[in-house]
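Visitor: I have a structure to look at and some questions about it. Could you take me through it step by step?

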Amino acid sequence: MFRALSLCVPFLVSLILMGSSFVATAQTGLPVPRFVSLSVDEVNVRVGPGRRYPIAWTFVRVGWPVEVIAEYEHWRQIRDIEGATGWVHKTLLSGRRTILITGDRRPVYEEPDTDSEVVLLAEPGVQGTLAECDGLWCEVDIAGNRGWLKASHFYGVYENEKIR
């Protein structure tokens, strides 16, 4: 009995490990976590992955940046700028990268260099779109003004992330 059990334990452990890795790769195949944005102006965030779960809160701003931190069938668990998590249907999310200015008023430069001309000063809470990043600087568009912003001055990109 003990010998049979000792042979079964590694097998069961490998099945469990295979199952957990299967869950991680069985969805979209996209990296998790990853930044996305809200694709509509009203997004119900639920406490679980399905319509039967209650609504925890509702976002009311299209383009708001959030992180996908898990996937389950057609549902994505997201985390917002404040760290709150919940579940939304995948059709309510867009792969379009957006940003949210954080901290103080932030200068957006003509070039990725603090010695270049300031194109605009972006107030905290202002949204924009993300064009590219070199890990330190990102090219952004805020209200039709394109320029370069330090990656540490907004929410919507990972530290040292490169985007082309």
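This is a predicted model: local features need pLDDT of at least 70, side-chain atom pairs count only at pLDDT 80 or more; totals for chains, interfaces and linings use all residues.

Visitor: How many helices and strands does the protein chain have?
Guide: Here the secondary structure of the protein chain is counted. The count comes to one helix and 15 strands.

Visitor: What share of the residues in the protein chain is buried?
Guide: A residue is buried if its relative accessible area is under 20%. The protein chain has 164 residues. The buried share of them is 37%.

Visitor: What share of the contacts with a separation of 6 or more joins residues 24 or more positions apart?
Guide: Contact means heavy atoms within 4.5 Å. For the protein chain, the share asked for is 54%.

Visitor: Is strand E6 largely enclosed or open, and why?
Guide: Strand E6 covers residues 85-89. Four of its five residues are buried. So the rest of the structure leaves strand E6 largely enclosed.

Visitor: Which residue in E6 stands opposite Trp-75?
Guide: Strand E5, residues 75-79, pairs with E6 in the antiparallel sense over five bridges. The hairpin of E5 and E6 has five residues between the strands, and Gly-83 takes a positive phi near 95° there. Opposite Trp-75 stands His-89.

Visitor: Is Arg-51 buried or exposed?
Guide: Arg-51 has its place in the loop between strand E2 and strand E3. Beyond its neighbours within four places in sequence, Arg-51 is in contact with Arg-46, Trp-75 and His-89. The cut-off for exposed is over 50%. With a relative accessible area of 61%, Arg-51 is exposed.

Visitor: What distance separates the C-alpha atoms of Arg-51 and Trp-87?
Guide: Along the chain, Arg-51 and Trp-87 are 36 residues apart. Their C-alpha atoms are separated by 9.7 Å.

Visitor: Which residue's backbone oxygen does the side chain of Thr-98 reach?
Guide: Thr-98 lies in strand E8. At 3% relative accessibility, Thr-98 is buried. Not counting residues up to four places away in sequence, Thr-98 touches several residues, including Ser-37, Trp-64 and Tyr-155. The backbone oxygen reached, at 2.6 Å, belongs to Gly-63.

Visitor: How many salt bridges are there?
Guide: Side chains of opposite charge can pair when their charged atoms come close. The cut-off here is within 4 Å, from a side-chain nitrogen of Lys or Arg to a carboxyl oxygen of Asp or Glu. The count comes to seven.

Visitor: Which residues are linked with Arg-34 in a network of salt bridges?
Guide: The side chains of Arg-76 and Glu-71 meet in a salt bridge, 3.8 Å from N to O. Both Arg-76 and Glu-71 are buried. The residues linked with Arg-34 in the network are Glu-71 and Arg-76.

Visitor: How many residues apart in sequence are the parts that Glu-123 and Arg-105 tie together?
Guide: The side chains of Glu-123 and Arg-105 meet in a salt bridge at 2.8 Å, N to O. Glu-123 lies in the loop between strand E10 and strand E11, and Arg-105 in the loop between strand E8 and strand E9, so the pair ties together parts whose separation in sequence is 18 residues.

Visitor: Is Glu-139 buried or exposed?
Guide: Glu-139 meets Arg-146 in a salt bridge, with N to O at 3.3 Å. Arg-146 is partly exposed, at 45%. Glu-139 has a relative accessible area of 17%, so Glu-139 is buried.

Conventions
Residues are numbered from 1 along each chain as its sequence is written. Side-chain values use heavy atoms; hydrogens and water are left out. Buried means under 20% relative accessible area, exposed over 50%, partly exposed in between (1.4 Å probe, protein chains only). Helices (H or I, at least four residues) and strands (E, at least two) are DSSP runs, numbered from the N terminus. Two strands pair if DSSP finds at least two bridges between them. A polar contact is a pair of N or O atoms within 3.5 Å; within protein, one must be able to donate a hydrogen and the other to accept it, and residues adjacent in sequence count only if both atoms are side-chain atoms.
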